[in-house]
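Let's take a friendly walk through this protein model, from its inner spaces to its rings and backbone. Keep the viewer open as you read.

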Amino acid sequence: MMTRTFLRPSRQLLQAYTRSCNPNWLNHTAARQFATAAAGGDAATLPLAGIKVLDMTRVLAGPYCTQILGDLGAEVIKIEHPTRGDDTRAWGPPYAKHVRGAHIDGPGESAYYLAVNRNKKSMGLSFAHPAGVDILHRLVKECDVLVENYLPGSLGKYAMDYATVSKINPSLVYASITGYGQTGPYRDRAGYDVMVEAEMGLMHITGARDGPPVKVGVAVTDLTTGLYTSNAIIAALLGRIKSGKGQHIDVALSDCQVATLANIASSALISGKKDSGRWGTSHPSIVPYKAFKTSDGDILLGGGNDRLYGILCKSVGKPEWIYDERFKSNALRVKNRDMLEELIETETKKKTTREWLDILEGCGMPYAAINDVQRTLNHEHVLARNMVEEVEHPTCGPMKLVNTPVKYSYSTPGIRTPPPTLGQHTDEILQETLGLSSGDINDLRSEGVVA
């Protein structure tokens with residue numbers, strides 16, 4: 001087991017913050033804000049090394065948020081139900097089969113769970129039991145961040161609401177992720193990604209031009225909410241350096257979905273008119289800019305201005321289209337969209353996707369094959385960017401996972417530890433973080449408090 005050590009902040013740094021902040025602030029908790037975990041190797045250089053996160057989230061938006069924090073070096077303690085764990089542990093198939101350990105005959109670890117729980121420690125804990133709440137309160141004292149995704153008010157009955165825990169640790173950054181937020185008429189609704197996609201406009205603008213509304217192929221509202229929340233937490237930690245105070249962050253899937261309507265929302269607000277509906281792979285105001293069929297698949301072509309349109313025309317062997325009065329400007333191309341797109345697709349159908357990729361290589365116009373997921377994960381560029389990494393799982397053996405996407409010049413975020421098995425780190429956390437003895441832990445386990 002690895003012990004947690006800290007590098008001392010410099011005297012100059014402490015003096016600077018003493019002058020700028022309340023002089024009473026520089027206590028044990030505040031000192032931890034400057035700490036960098038000397039975990040060895042690249043971990044010590046990570047931006048959030050030394051930050052401790054209490055993760056009380058399940059499913060996707062919350063775990064995705066805390067995984068980002070873990071990737072950046074935070075120590076993430078994932079609290080799970082002691083018998084069933086995170087809901088997504090049962091969301092399969094597919095499962096990575098156990099090849100060693102006590103549960104070799106079980107279904108294994110679900111791919112869904114494995115996707116968003118790397119770089120975390122799992123603790124099986126029942127906080128329906130008073131002893132479980134006591135453990136959480138003791139962890140709150142040790143942590144910088146708490147992230148939860150329960151319905152508003154739900155954690156109050158366990159004394160884990162912000163009003164209670166902020167008295168235990170005033171510098172705690174407490175993030176609540178819900179479907180519709182802590183306020184408003186929908187606050188008590190359970191919010192799942194697909195419902196929010198429908199309610200908040202995304203589904204209406206997604207799908208073929210004349211087809212029905214469809215959800216995005218991945219739970220994008222959950223993911224953007226996780227991104228917004230991780231960003232807000234890091235900002236709050238920076239703010240805490242100046243103020244010494246933690247705060248409550250209220251993040252709603254509904255708000256994040258409205259925010260990520262971006263230019264579509266702006267167009268509707270500025271024009272005051274109904275949106276233009278679904279466009280499939282097309283663009284409402286740029287032509288040609290869509291997927292075209294090839295003889296064996298599809299390819300996206302982006303003639304986003306007159307110059308790029310000219311490259312497209314030459315590439316498909318029709319330079320005369322550049323001077324065609326019907327298509328000489330983007331406005332004319334939008335007006336005559338159906339005609340031009342049909343002409344282009346007549347040409348693209350004559351060759352395979354691979355042949356078009358070879359023809360377009362180096363032309364300067366945006367283009368892309370439309371790949372399925374397996375082809376994407378084996379794509380030469382994806383592999384060159386180290387976006388797929390093989391790790392050794394404690395019970396499932398070698399497995400491939402998607403890596404963290406952002407590259408740093410000094411730090412090296414990545415998969416330091418594989419997604420944990422249920423309760424894998426319960427003893428470690430209770431012993432090393434809270435100082436409990438083996439006898440104490442055995443008593444808690446016999447009472448069903450921990451697993």
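## A cavity inside

The structure holds one cavity of 30 Å³ or more. On a 1 Å grid over the protein atoms alone, a cavity is a set of points where a 1.4 Å probe fits but cannot get out, and lining residues have an atom within 4 Å of a point. Grid points are joined across faces, edges and corners, and a volume is the space filled by probe spheres set on the points. The largest cavity has a volume of about 40 Å³. Its lining is made by Ile 299, Leu 301, Val 316, Thr 348, Trp 356 and Leu 360. Two or more of the lining residues come from each of β10 (298-302) and α14 (353-360); helices (H or I, at least four residues) and strands (E, at least two) are DSSP runs, numbered from the N terminus.

By class, this lining has five nonpolar, one polar and no charged residues. Here Ala, Val, Leu, Ile, Met, Phe, Trp, Tyr, Cys and Pro count as nonpolar, Asp, Glu, Lys and Arg as charged, and the others, Gly among them, as polar.

## About the model

This is a predicted model, in which local features need pLDDT of at least 70 and side-chain atom pairs count only at pLDDT 80 or more, while totals for chains, interfaces and linings use all residues. Residues are numbered from 1 along each chain as its sequence is written, and side-chain values use heavy atoms, with hydrogens and water left out.

## The whole chain

The chain contains 18 helices and 13 strands. Its C-alpha trace spans about 80 × 50 × 45 Å along the principal axes. Of its 451 residues, 45% count as buried (buried means under 20% relative accessible area, exposed over 50%, partly exposed in between, with a 1.4 Å probe and protein chains only).

The domain assignment gives domain 1 (42-263 + 389-402 + 411-447) and domain 2 (289-369); such bounds come from an automatic or database domain assignment. Between the C-alpha centres of domain 1 and domain 2 there are 45 Å.

## The largest pocket

Now for the open space. The largest pocket has a volume of about 1300 Å³; a pocket is an open set of grid points with protein on both sides within 12 Å along at least five of seven lines. It is lined by 45 residues, and the closest to its centre are Tyr 64, Ala 115, Val 116, Arg 118 and Val 402. Elements giving two or more residues to this lining include α3 (61-71), α7 (193-199), α15 (373-377) and β13 (397-402).

Which element gives the most to the lining of the largest pocket? That is α8, with five residues. The lining of the largest pocket divides into 29 nonpolar, nine polar and seven charged residues.

## Aromatic rings

Five aromatic pairs occur in the structure. Rings of Phe, Tyr and Trp (its six-membered ring) pair if their centres lie within 6.5 Å; planes under 30 degrees apart count as stacked, over 60 as edge-to-face and the rest as tilted. Trp 91 and Tyr 112 are edge-to-face, at 5.0 Å centre to centre with 85° between the planes. This pair links distant parts of the chain, 21 residues apart: Trp 91 is in the loop between β2 (75-80) and β3 (95-96), and Tyr 112 is in helix α4 (residues 111-115). Trp 91 is partly exposed because its relative accessibility is 36%, and Tyr 112 is partly exposed at 30%.

Phe 127 and Tyr 150 have ring centres 6.1 Å apart and planes at 80°, so this pair is edge-to-face. Ring pairs also bring in Tyr 158, linking Phe 127, Tyr 150 and Tyr 158 into a cluster. Phe 127 counts as buried because its relative accessible area is 12%.

Two arginines sit over ring faces: Arg 189 lies 3.8 Å from the ring centre of Tyr 186, and Arg 209 lies 3.7 Å from that of Trp 279. A charge sits over a ring if NZ of Lys or CZ of Arg is within 6 Å of the ring centre and within 35 degrees of the ring normal.

## Backbone details

A cis peptide bond joins Pro 93 and Pro 94, with omega about 5°, and Pro 94 is in the loop between β2 and β3. Another cis peptide bond joins Val 287 and Pro 288, with omega about -5°.

Ala 159, although not a glycine, has a positive phi of about 55°; this residue lies in the loop between β6 and α6.
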